[in-house]
Amino acid sequence: MTKGTTSFGKRHNKSHTSCRRCGKVSFHIQKKTCSSCGYPAKKMRQFNWGQKAKGRRTTGTGRMRYMKTMTRRFKNGFREGTQAKKMIAKSD
């Protein structure tokens, strides 16, 4: 048997399907485990040898609905419920 064109014609079984957590086609149907994120494990799959992969899914890659206002609020000491004082024009 050749290892090229004729072998490729026999590939019609899917071992992986889309994952519910990460959305990639990495969820192994028989093992019931995602090879990308590790679902259904509670902790996300990550390794130190995959620095680029860590950067793709870390903080700052999404919308950051809470975190993007954090630096501004920290700078002002997390003050809430106050009104800015009105600027009074000086008359010379």
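1. Throughout this note, buried means under 20% relative accessible area, exposed means over 50%, and partly exposed is whatever falls in between, computed with a 1.4 Å probe on protein chains only. By that definition Phe78, with a relative accessible area of 40%, is partly exposed.

2. The model is a predicted one, in which local features need pLDDT of at least 70 and side-chain atom pairs count only at pLDDT 80 or more, while totals for chains, interfaces and linings use all residues. Residues are numbered from 1 along each chain as its sequence is written, and side-chain values use heavy atoms, with hydrogens and water left out.

3. On secondary structure, helices (H or I, at least four residues) and strands (E, at least two) are DSSP runs, numbered from the N terminus. Three strands form an open sheet in the order S1-S2-S3, with antiparallel pairing, where two strands pair if DSSP finds at least two bridges between them. The edge strands are S1 and strand S3 (33–34), each of which pairs on one side only.

4. His28 itself belongs to strand S2 and is buried, its relative accessible area being 16%. Leaving aside residues up to four places away in sequence, His28 touches Ser15, His16 and Thr33, contact here meaning heavy atoms within 4.5 Å. The His28 side chain also reaches the backbone nitrogen of Lys31 at 3.1 Å; a polar contact is a pair of N or O atoms within 3.5 Å, and within protein one must be able to donate a hydrogen and the other to accept it, with residues adjacent in sequence counted only if both atoms are side-chain atoms.

5. Ser26 sits in the loop between strand S1 (16–17) and strand S2 (27–28), and counts as buried at 11% relative accessibility. With residues up to four places away in sequence set aside, the residues that Ser26 touches are His16, Thr17, Thr33, Cys34, Ser35 and Ser36. For one of these, His16, the C-alpha atom is separated from that of Ser26 by 5.4 Å, although the two residues are 10 residues apart along the chain.

6. Ser36 is placed in the loop between S3 and helix H2 (51–56) and is buried, with a relative accessible area of 8%. Again not counting residues up to four places away in sequence, Ser36 touches Cys22, Lys24, Ser26, Arg45 and Arg57, and a polar contact of 3.1 Å joins the side chains of Ser36 and Arg57. By contrast, Ser36 and Lys86 are 50 residues apart in sequence and 54 Å apart in space, C-alpha to C-alpha.

7. The largest pocket holds about 260 Å³ of space. The search runs on a 1 Å grid over the protein atoms alone, and a pocket is an open set of points where a 1.4 Å probe fits, with protein on both sides within 12 Å along at least five of seven lines, while lining residues have an atom within 4 Å of a point; grid points are joined across faces, edges and corners, and the volume is the space filled by probe spheres set on the points. Of the 14 residues that line this pocket, Lys24, Ser36, Arg45, Ala53 and Arg57 are the closest to its centre. The lining divides into five nonpolar, four polar and five charged residues, where Ala, Val, Leu, Ile, Met, Phe, Trp, Tyr, Cys and Pro count as nonpolar, Asp, Glu, Lys and Arg as charged, and the others, Gly among them, as polar.

8. The peptide bond from Tyr39 to Pro40 is cis, with omega near 15 degrees, and Pro40 is found in the loop between S3 and H2. Met64, in the loop between H2 and H3, has a phi near 55 degrees, a positive value in a residue other than glycine, and counts as partly exposed at 31% relative accessibility. Phe78, which lies in the segment after H3, likewise has a positive phi of about 55 degrees although it is not a glycine.

9. Lys68 occupies the loop between H2 and helix H3 (70–75), and at 54% relative accessibility Lys68 counts as exposed. Lys68 and Gly55 are 13 residues apart in sequence and 18 Å apart in space, C-alpha to C-alpha.
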